[in-house]
Amino acid sequence: MTSWIKAGNGMNIVGQGGKIILFTLPAAAAALWLQSRFPALAALPAALAFARPAGFVLLALGAALWTGGLVQLLAAFPKGKLATSGAYGVCRNPIYASFILFVLPALSLLTLTWVWLAVALALYAGVRIFIGPEELKLLQVFGDEYARYRQRVSRILPFARPMK
């Protein structure tokens, strides 16, 4: 395999992402179906329309966090390095966090539907359920460096102190 898919240290760039996406996919499909077939049921109150512009702000923040995380991952991974600054200094999983906290809530505001918040909750659940083996592998490969990083940086919440 090429170095951008699998590093020499045995790590796979996708990690647990495939499982997390497969776990979240039914919720995303249900959101699309519900929003298209039963828009009145999926709708947020019309009085919240004033908040729609905040959706663009959330979308921009999510795009920045996602892009930063992806660029850093693609730069560090082939070298067998652990990314711990930039987007990865804000939270340990900026790619997932960007969707959970920014992109999917932005979609809810922009479409004035609650269904994308449900997808964000499903994605968060998928991360909580499946990320453990990836973190154990990172601890095995990077040892104390990852242990210190994990103590310093939250899994999902930007700038939050990790829970003990």
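Start by selecting E135 and R155: their side chains are joined by a polar contact of 2.7 Å. (A polar contact is a pair of N or O atoms within 3.5 Å; within protein, one must be able to donate a hydrogen and the other to accept it, and residues adjacent in sequence count only if both atoms are side-chain atoms.) Before going on, note that this is a predicted model, where local features need pLDDT of at least 70 and side-chain atom pairs count only at pLDDT 80 or more, while totals for chains, interfaces and linings use all residues. Residues are numbered from 1 along each chain as its sequence is written, and side-chain values use heavy atoms, with hydrogens and water left out.

**Around E135**

Stay on E135, which sits in helix α6. Helices here are DSSP runs of H or I with at least four residues, numbered from the N terminus. Is E135 buried or exposed? Its relative accessibility is 6%, so E135 counts as buried (buried means under 20% relative accessible area, exposed over 50%, partly exposed in between, with a 1.4 Å probe and protein chains only). Now show what E135 touches: R92, N93, Y146, R150 and R155, leaving aside residues up to four places away in sequence. Contact means heavy atoms within 4.5 Å.

**Where α6 meets α7**

Next, colour helix α6 (residues 115–142) and α7. Two packed helices are described by the angle between their axes and the distance between the axes. For α6 and α7, the axes come within 6 Å and cross at roughly 130°. Those axes are lines fitted to C-alpha atoms, for helices over the stretch in contact, with angles running from 0 to 180 degrees between N-to-C directions. That makes α6 and α7 oblique to each other; angles under 35 degrees count as roughly parallel, over 145 as roughly antiparallel, 65 to 115 as roughly perpendicular and the rest as oblique.

Which residues meet here? Select E135, L138, L139 and F142 on the α6 side, then D144, E145, Y146, A147 and R150 on the α7 side. This contact is made of five nonpolar residues, four charged ones and no polar ones. (Ala, Val, Leu, Ile, Met, Phe, Trp, Tyr, Cys and Pro count as nonpolar, Asp, Glu, Lys and Arg as charged, and the others, Gly among them, as polar.)

**The rings**

How many aromatic pairs does the structure hold? There are three. Rings of Phe, Tyr and Trp (its six-membered ring) pair if their centres lie within 6.5 Å; planes under 30 degrees apart count as stacked, over 60 as edge-to-face and the rest as tilted. One of the pairs is F23 with F130: the ring centres are 5.8 Å apart and the planes sit at 70°, so this pair is edge-to-face. F23 belongs to helix α1 and F130 to helix α6, so the pair ties together parts 107 residues apart in sequence. F23, at 34% relative accessibility, is partly exposed, and F130 is partly exposed at 22%.

Another pair is Y146 with Y149, a tilted one, at 6.0 Å centre to centre and 55° between the planes. Both tyrosines lie in helix α7, three residues apart, about one turn of the helix. Y146 is buried at 2% relative accessibility, and Y149 is buried at 2% as well.

**Last stop: I20**

Finish in helix α1 (residues 17–37), where you'll find I20. I20 is buried, at 0% relative accessibility. Its contacts, not counting residues up to four places away in sequence, are Y96, L123, G126, V127, F130 and I131.

Conventions. Helix = DSSP H or I, 4+ residues; strand = E, 2+ residues; numbered from the N terminus.
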